[in-house]
Each structure stands twice: as C-alpha cells, then as structure tokens.
Amino acid sequence: MKVLIATKNAGKVKEFEFMFAEMGVEVSSLLDVEDAPEVEETGTTFAENARLKAEEIANLYNLPVISDDSGLVIDAIGGRPGVFSARYAGIEKDDDKNMDKVLDEMRSVPEHERTARFVCTLAVARPGKATVIVEGHCEGSIAYKKTGSHGFGYDPIFLVQGTSNTMAELTKEEKNQISHRAKALAKLKDQMHLLF
Ligand SMILES: O=c1nc[nH]c2c1ncn2[C@H]1C[C@H](O)[C@@H](COP(=O)(O)OP(=O)(O)OP(=O)(O)O)O1
Ligand SMILES: [Mg+2]
C-alpha cells in the first residue's frame, strides 16, 4: 500500500514515512513527481490551505491524497506566524531566517508570556468525493535561542511543554509520539480506508 502526500516539504515527508511505516504503508510525495505544481496557499486558515492543496493534487492526478498545512501559532504576537509560517521572513522559505525573525520579535517577551503551539491540519481528498479534515496541536513555548539539530522548521526554538527540551532535541521517535502531526494522523487512523 502506498499513499501520496501532497507536499514538497522534505521534513514533513520524513515524518510521514516514519509514521506510516508502522502501519505498513509506503509514502510518496510531490518531491517524487516531475513538474508537480506549486499550489497557491491563499486561504486564511490551516484547514482552507490543506483543502486547497489536497483537492488540487487529487483532481490533477486522479488519486486519493493527503495534504498537510501546518505552522507555529504564538500567543504574544497575535497568533503569528500562523498560516504564514513557511514564508514568514520571505518567499525563500528559509527556516533559519524565519526563526531569527520570531526570536527578534519575541526578544523582550517574558517567559510566562511565550506560550505557543504547533498546529497541523491534514486533508484527505478523493476525486469526486467529500474531503475529510483533521487537526492536531502540540503545546509549548518559544525559547530565547535555537537549540538542537533534529526535525525541521521551527523545531530548534520550540520548547515542548513540561520539558526543558526543544523539539529539535528530541529523537524522531520521541517527536513522532507527541507532535501535532502525529496527533492529527492518529485522528485519521480509523479512516485509512478512504485512501485505498
Ligand atoms: O513539525 C514541525 N516542526 C517545526 N516546524 C514546523 C513543523 N510543522 C510545520 N512547521 C513549520 C514549517 C513551515 O515553516 C510551516 C509549514 O508551512 P506549510 O505551508 O504547511 O508547508 P510547506 O510550504 O513547507 O510545504 P507544503 O505546503 O508543500 O506542504 O510550519
Ligand atoms: Mg506551503
């Protein structure tokens, strides 16, 4: 069994490969597809963007697909970067620049006001059928500097709630137990038949 994930983010792909392997499912992504389109993320919510990405790719290739729209929501700055997480510091989607921008904006925010969460919305789209949408959250707070080298995106500045570690200090096994993506995927587990 194989499922197409409608993403070009290599960090997401690795996590899906790991989590789907436990279910005996192989993963492919738009990184494996020649000339795959760049779907415009014009929505104002994670759910809208996940739906846009999944439906466009499902209709184009006439296959069931899963898309992932995700990001970091920080309370002290009005929920930013939110749906703009990938391009927060510019269109080049540079993780280091994005983190530097957040750290800069959060420089004078005291510890107890640094609460944040990762959000992951997954959409399962099938040609001609209704799209299914689920969401997972992972609570934490924003560190004052980058620590750790695992994971991707904003992991080095995200302190996992109840620990003194950033997400980037966790092994992939640990991250995939607690992450927003793992929680969202768990909500899809009894609906996997939609994909095959
Ligand atoms: O577990 C995570 N750990 C750290 N950072 C994360 C995580 N999950 C999402 N993120 C960040 C990365 C990116 O800045 C944004 C996703 O943006 P998002 O538009 O969903 O993905 P993307 O443009 O990289 O790839 P694509 O749209 O092809 O799936 O949130
Ligand atoms: Mg994107």
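Which residues are buried in helix α5 (residues 180-188)? They are His180, Arg181, Ala184 and Leu185. Keep in mind that you're looking at a predicted model.

**Around ligand 1**
- Ligand 1 has 21 residues around it, and the closest are Thr7, Asn9, Ser70, Ala86 and Gly153.
- If you sort that shell by class, you get 5 nonpolar, 9 polar and 7 charged residues.
- The top contributor to the shell is strand β3 (residues 65-74), which puts in 4 residues.

**Annotated sites**
- In the unreviewed UniProt entry, the "binding site" annotation covers Glu40 and Asp69. These positions are spread over 30 residues of sequence, yet they cluster in space, with a largest C-alpha distance of 12.0 Å.
- Asp69 turns up again in that unreviewed UniProt entry, under the "active site" annotation.
- To find Glu40, look in the loop between β2 (26-29) and α2 (46-61). Glu40 counts as exposed because it has 10 C-beta neighbours inside 10 Å, and the cut-off for exposed is 12 or fewer.
- Asp69, on the other hand, is in strand β3. Asp69 has 27 C-beta neighbours inside 10 Å, so it counts as buried; the cut-off there is 20 or more.
- Setting aside residues up to four places away in sequence, Asp69 touches Phe46, Asn49, Ala50, Lys53 and Thr121.

**The nonpolar core**
- There are 42 residues in the largest nonpolar core. Strand β4 (residues 115-125) supplies the largest share of this core, 8 residues.
- Inside the core, the residues with the most contacts are Ile5, Ala6, Ala54, Val65, Ile66, Leu122 and Phe158.
- As background, nonpolar side chains tend to be buried together in soluble globular proteins.

**Helix α5**
- Back to the opening question: His180, Arg181, Ala184 and Leu185 are the buried residues of α5. Looking down the axis of α5, you'd see them fall within an arc of 130°, so they line one face of the helix.
- Among the elements covering these buried residues of α5 are α1 (10-21), β3, β4 and β5 (132-142).

**Helix α3**
- Which residues of helix α3 (residues 95-105) are buried? Here the list is Asn98, Met99 and Val102. Their arc around the axis is only 95°, which puts them on the same side of α3.

Technical notes
Residues are numbered from 1 along each chain as its sequence is written. Chains are lettered from A and ligands numbered from 1 in the order in which they are written. This is a predicted model: local features need pLDDT of at least 70, side-chain atom pairs count only at pLDDT 80 or more; totals for chains, interfaces and linings use all residues. A residue is near a molecule or strand if its C-beta atom, placed from the backbone, lies within 6 Å of it. Helices (H or I, at least four residues) and strands (E, at least two) are DSSP runs, numbered from the N terminus. Ala, Val, Leu, Ile, Met, Phe, Trp, Tyr, Cys and Pro count as nonpolar, Asp, Glu, Lys and Arg as charged, and the others, Gly among them, as polar. UniProt positions are given in the numbering used here, feature names are shortened, and annotations may be inferred rather than shown by experiment. Two residues are in contact if their C-beta atoms, placed from the backbone, lie within 7 Å. A nonpolar core is a set of buried Ala, Val, Leu, Ile, Met, Phe, Trp, Tyr and Cys residues joined through C-beta atoms within 7 Å. The arc is that of the directions from the helix axis to the C-beta atoms.
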